[in-house]
Amino acid sequence: QGIRVRALILINPHNPLGDIYPAQLLKECLEFAHRYGLHVIMDEIYMLSVYDDTTFTSVLSLDCLPDPERTHFMWGFSKDFGMSGIRVAVLYTRNHEIQKAVNQLAVFHSCPGPVQHVLSQFLRDRDWLDNVFFPTNKMRLKEAQNILVDGLADVGIPVLKSSGGLYVWADFRKFLRSQTFEAELELWQKFLDKKLLISPGKAFYCYEPGWFRLVFSDSVDKIYLCIQRLEQMLHSHAAEPGANNTSSSADALCNPEKDSSDQPSSTPGEDVSQLKNILVY
């Protein structure tokens, strides 16, 4: 398209899908970027919020980087440590030009000394972090995810299988009045009216309307309350005139129909989602 691409940004674990890049795929992405002289910005802000015994590979753990000068790592305290109000993050880079530029910016965005002191003391307690905090946090996140996923299933909403992050990517397409982003926005407004703050897919540049991100890193009672409000709201929405009451096209996510060439069918009226082959709960 005549646009000069300068960098490849990878979010691992992915937001909003919750996917985790396998080590081999991560290496292939780095090698691809190296071939074309691209910088790679690795956003690993959810790196410690991984469960299901899934192996997470940080870019910093790789034995050899194809292009160390163009590979940059970012992480922050806000997600893995539940410190959304502590606006402190880490940039690790071997590129001296970037270090110089960031140091100039840091003059105007420096981290307060008292905050640095508290966090440094916090990180020094490795025994508590490794044996108490992280295991407990992962256990609670997995429990919360299971409650939300099971609750959504009871309401008829499938979600993509994920092993990282603080959210699930859920399929609300059958509740849209039409398969448009206008209908997605209308449904989102109805969620807000019921005091449900659920992020619409368009906010994440999803090309297909009807997908929403639900964050589950909250108390169990609030997750149950969320499910209760969702069920009430969706049932009343489905009963309204003009509502789309057809069966969920998300069924194709689990069992996509195939033509004689053993490829998913894309005839008019059938689901053509790019997500149809991704495992769902």
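Two strands pair if DSSP finds at least two bridges between them. Strands (E, at least two residues) and helices (H or I, at least four) are DSSP runs, numbered from the N terminus. On that basis, S1 and S2 run parallel and are joined by five bridges.

This is a predicted model: local features need pLDDT of at least 70, side-chain atom pairs count only at pLDDT 80 or more, and totals for chains, interfaces and linings use all residues. Residues are numbered from 1 along each chain as its sequence is written, and side-chain values use heavy atoms, with hydrogens and water left out.

**Overall make-up**
- The protein has seven helices and seven strands.
- Along the sequence, the pattern reads β-α-β-β-β-α-α-α-β-α-β-β-α-α.
- The protein has 281 residues, of which 40% count as buried. Buried means under 20% relative accessible area, exposed over 50%, and partly exposed in between (1.4 Å probe, protein chains only).

**Four-stranded sheet**
- This open sheet has the order S1-S2-S3-S4 and mixed pairing.
- Strand S1 (7-11) and strand S4 (89-92) stand at the edges, each with a single partner strand, so one side of each lacks a neighbour in the sheet.
- Neighbouring strands are turned by 15 degrees against each other on average, direction ignored. The axes are lines fitted to C-alpha atoms, for helices over the stretch in contact, and angles run from 0 to 180 degrees between N-to-C directions.
- Ala 7 has His 39 in S2 as its bridge partner.

**Three-stranded sheet**
- A second open sheet has the order S5-S7-S6, with antiparallel pairing.
- Strand S5 (167-171) and strand S6 (199-200) are its edge strands, and each pairs on one side only.
- Five bridges link S5 to strand S7 (residues 211-215) in the antiparallel sense.
- Tyr 167 has Val 215 in S7 as its bridge partner.

**Nonpolar surface patch**
- Leu 60, Val 90 and Tyr 92 make a nonpolar surface patch of about 260 Å². Patch residues have over 30% relative accessible area and no salt bridge; like charges are joined within 9 Å, nonpolar side chains (Val, Leu, Ile, Met, Phe, Trp, Tyr) within 5 Å. A salt bridge is a side-chain nitrogen of Lys or Arg within 4 Å of a carboxyl oxygen of Asp or Glu.
- Leu 60 sits in the loop between strand S2 (39-43) and strand S3 (71-76). Leu 60 counts as partly exposed because its relative accessibility is 44%.

**Cysteines**
- The whole structure holds zero disulfides (a pair of cysteine sulfur atoms within 2.5 Å).
- Cys 29 is buried, at 16% relative accessible area.
- Cys 111 is partly exposed, at 23%.

Definitions and conventions: Accessible areas come from the Shrake-Rupley method with a 1.4 Å probe; for residues, only the protein chains shown count as cover.
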